[in-house]
Amino acid sequence: MAYLVKQSHRAPAVTSPVPVDESLPRACVIGAGSSGIAAAKQLHLAGIPFDCFEQGGDIGGTWVFDNSNGRSACYDTLEINTSCPRMAFSDFPMPADYPPYARHDQVHAYFEQYVDHFGFRHTITFDTTVEDVSRSTDGRWDVRVTGPHGTETRTYDAVLVANGHHWDPRWPEPAYPGAFAGEQIHAHDYRSGDQLAGRDVVVVGAGNSAMDIAVESSYVARTTTWSVRRTEWVLRKFLLGKPSDQVALPGWLPWRVTAARLRIGATYAGSMTKYGLPAPTHKPGQSHPVQSDKIRERLDAGAVTARQGIERLDGDRVVFVDGTTAPADLIVWATGYRVTFPFFKPELVSAHDNELPLWKRTVHPDLPGLYFIGLVQAIGAVMPIAEAQSAWIAETLAGRYVPPADDVVRRQMDGEHRRDKKQFYASPRHTMEVDFDHYLWDLDRELKAGRERAATRAPSPGSVPAPAPGGGGPRRTLARLLLGAARWKTVGEVPQRGVLVGAPHTSNWDWVLTMLLAWRYGITIRLLVKKELFVGPLGWLLRRTGAVELDRKNPAATIKELLAEAEGGDSWLLGIAAEGTRSRGDYWKSGFYRIARQTGLPITLAFLDVPSRTVGWGPTFHPTGDVSADMDVLRDFYADKTGFNPDGFTPPRLREEDRA
Ligand SMILES: Cc1cc2nc3c(=O)[nH]c(=O)nc-3n(C[C@H](O)[C@H](O)[C@H](O)COP(=O)(O)OP(=O)(O)OC[C@H]3O[C@@H](n4cnc5c(N)ncnc54)[C@H](O)[C@@H]3O)c2cc1C
Ligand SMILES: NC(=O)c1ccc[n+]([C@@H]2O[C@H](COP(=O)([O-])OP(=O)(O)OC[C@H]3O[C@@H](n4cnc5c(N)ncnc54)[C@H](OP(=O)(O)O)[C@@H]3O)[C@@H](O)[C@H]2O)c1
């Protein structure tokens with residue numbers, strides 16, 4: 001379902017102290033903005049020992065007007081650009097009497113209430129700056145802080161970085177040629193119209209900051225010119241009387257559906273070309289959304305003049321690339337922000353041109369124990385993402401979640417990074433852009449997979465057993481109904497968990513059936529599927545089911561990756577082609593043997609037998625290496641469960657490498 005927080009989602013207040021489990025890893029949270037408090041809340045409720053350091057005297061970061069940390073870009077007309085139900089934390093709706101898009105002071109008040117509601121204000125140390133974070137000799141993290149009581153260094157197992165990424169102004173680099181006689185400020189230092197009153201103002205940039213400042217300027221300045229080097233699709237805040245972001249789609253839908261929604265919104269809002277700007281060179285959905293109802297009004301009223309990019313500065317005028325000029329005694333550069341971490345040595349962590357690839361935009365694969373919270377640009381709000389990231393890391397630290405193998409993490413990270421780069425036009429403002437609903441859905445999926453991995457491992461101290469997989473849910477119900485209608489029966493002991501590996505030769509219908517069975521029994525499913533199937537709607541469906549592209553030249557590599565990804569299991573399930581059981585048993589056996597030989601893990605046999613409409617589970621056993629003896633086990637099991645004696649089974653067609 002799409003993310004919309006309702007009043008009924010409000011969690012009960014936490015009124016009694018939450019015990020801290022000192023045996024769990026100790027963590028440090030940097031910052032108490034919306035991301036830092038999301039992290040602190042999750043760690044607090046999970047009983048994880050931690051400190052949260054906040055440079056300023058308040059919580060809320062950006063949303064604190066004139067924040068004593070000197071870093072907030074908040075201005076007096078600022079309101080959120082995602083509606084309240086899309087921005088609120090999942091278990092704490094914004095007050096019911098807030099407007100659809102809350103003002104900055106309301107947002108700040110909301111964060112204050114959040115901290116008190118969940119009772120963790122005492123965990124935050126204010127007016128204390130994290131100055132240095134470096135790796136200690138034992139691989140943990142030394143954190144040097146300076147506060148009212150002086151400087152000290154503490155050592156932590158984990159550091160959750162939530163220092164924000166909209167505080168370090170990005171000025172044009174290189175600077176525009178020419179000399180300017182007036183004043184120049186960055187949008188970060190803009191607070192109110194007083195700074196603009198009676199002046200000739202040029203506002204530069206096409207983001208949300210630029211539009212808000214240009215609108216305000218249009219009421220108080222002598223002239224307002226808005227310079228845009230790349231035209232954006234300017235969305236409206238309301239669609240048919242409702243906040244437009246509430247027409248939200250479930251995260252499992254492909255990106256192109258969200259892009260289509262944005263395209264409809266952009267068409268409805270109308271083009272900016274009538275104001276003299278060139279048409280955008282990108283499609284809606286290929287950039288960070290910008291929205292303003294007022295900018296059009298002020299352009300229509302002639303109170304704002306839109307101009308193209310700047311060519312040069314010329315004393316008391318700005319010259320634009322189309323040769324036009326505008327008077328100027330104040331330039332407001334609303335040119336975005338740099339992502340920086342003053343407490344890391346650049347060789348340890350830095351984000352040149354705002355690039356910092358991370359796994360699920362949170363985990364640095366080279367630096368265990370280092371996590372980034374809220375370091376995203378979302379097509380949606382940052383807060384629910386920071387909350388989901390924090391919940392995930394809290395489960396990791398509590399031992400309830402186990403990540404996949406390192407190479408899987410890196411492969412996924414590279415893939416996600418490549419996908420995001422393709423999705424949005426190249427600009428430092430898009431290096432961390434994520435599709436909000438898809439991100440939340442994907443992280444939830446990963447969390448569930450990691451819980452299952454954790455459940456198959458020996459419990460670590462303080463860990464809580466993961467819930468049994470499956471449960472209810474629409475998928476399970478659908479599968480139960482469909483299989484029931486087709487009169488499929490089950491024999492053998494259905495495993496509690498495992499990875500179902502479809503044999504490389506599995507045919508299309510077989511994998512549909514296999515998928516249904518996996519849903520029915522709540523088993524994690526990974527299917528090996530031919531490369532050619534990853535096209536069109538079928539390919540999309542396959543990717544959604546977690547299918548894995550089979551490298552036909554080297555299927556063993558794919559299997560290895562799959563197994564590495566789901567490491568930690570003590571039992572493996574081998575899904576068998578339905579027709580293959582009877583007519584192509586050799587494939588069954590060779591697939592089974594290959595996996596067994598490569599992993600050394602015990603295998604749980606599974607078969608689908610179409611003629612008798614039977615799915616069989618078990619037994620779990622270690623192949624002995626004696627092929628014919630192992631085949632006897634398999635044959636007996638199959639004959640016993642189906643009544644069909646597969647005399648015709650030929651010995652497995654093992655490859656040379658499988659025999660080795
Ligand atoms: C003008 C503006 C409007 C925005 N509007 C929206 C919106 O409508 N919706 C949305 O989702 N996002 C919006 N954003 C994005 C914004 O980044 C997020 O809303 C949100 O504030 C991010 O929270 P954060 O905690 O990650 O960062 P911040 O709010 O920047 O908080 C970081 C905190 O960390 C502290 N800190 C930093 N370094 C240290 C240190 N070394 N030691 C100790 N403490 C430290 C800071 O003092 C600060 O309190 C907006 C951004 C801007 C600039
Ligand atoms: N709640 C709100 O209403 C609100 C208000 C303000 C800001 N915000 C949020 O705050 C974040 C920052 O927004 P922002 O508008 O400050 O920055 P931004 O989204 O990064 O936009 C920067 C703009 O400046 C342009 N630019 C960059 N360098 C330039 C240069 N050298 N010359 C001319 N133009 C240049 C960019 O163009 P290119 O695209 O070509 O790089 C882009 O149009 C965003 O997440 C935004 O949504 C929200």
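Two strands are said to pair if DSSP finds at least two bridges between them. Helices (H or I, at least four residues) and strands (E, at least two) are DSSP runs, numbered from the N terminus. The structure is a predicted model, in which local features need pLDDT of at least 70, side-chain atom pairs count only at pLDDT 80 or more, and totals for chains, interfaces and linings use all residues. Residues are numbered from 1 along each chain as its sequence is written, while chains are lettered from A and ligands numbered from 1 in the order in which they are written.

- Strand S9 (residues 178-180) pairs with strand S18 (residues 310-315) in the parallel sense, over three bridges.
- Within this pairing, Ala179 has Asp314 in S18 as its bridge partner.
- S18 is also joined to strand S19 (residues 317-320), by four bridges, and these two strands run antiparallel.
- Arg312 has Val319 in S19 as its bridge partner.
- A hairpin leads from S18 to S19 through one residue.

**The five-stranded sheet**

- An open sheet is formed by five strands with parallel pairing, in the order S10-S21-S11-S12-S17.
- Its edge strands, each of which pairs on one side only, are S10 (183-186) and S17 (305-307).
- On average, neighbouring strands of this sheet are turned by 20 degrees against each other, direction ignored; axes are lines fitted to C-alpha atoms, for helices over the stretch in contact, and angles run from 0 to 180 degrees between N-to-C directions.
- S10 and strand S21 (residues 330-333) run parallel and are joined by four bridges.
- Ile185 stands opposite Val332 in S21.
- Helix H4 (residues 208-220) packs on the sheet and touches S11 (200-204), S12 (223-227) and S21; contact requires that the C-beta atoms of two residues, placed from the backbone, lie within 7 Å.
- The direction of H4 makes about 165 degrees with that of S11.

**Ala197**

- Ala197 lies in the loop between S10 and S11.
- Ala197 counts as partly exposed because it has 13 C-beta neighbours inside 10 Å; a residue is buried if 20 or more other C-beta atoms lie within 10 Å of its own, exposed if 12 or fewer, and partly exposed in between, with C-beta atoms placed from the backbone.
- Not counting residues up to four places away in sequence, Ala197 touches Val220 and Ala221.
- From C-alpha to C-alpha, Ala197 and Val220 are 4.7 Å apart in space, although 23 residues apart in sequence.

**Helix H7**

- Helix H7 (residues 383-397) is mostly covered, with 15 of its 15 residues buried.
- Gly399, whose phi is positive, near 80 degrees, follows H7.
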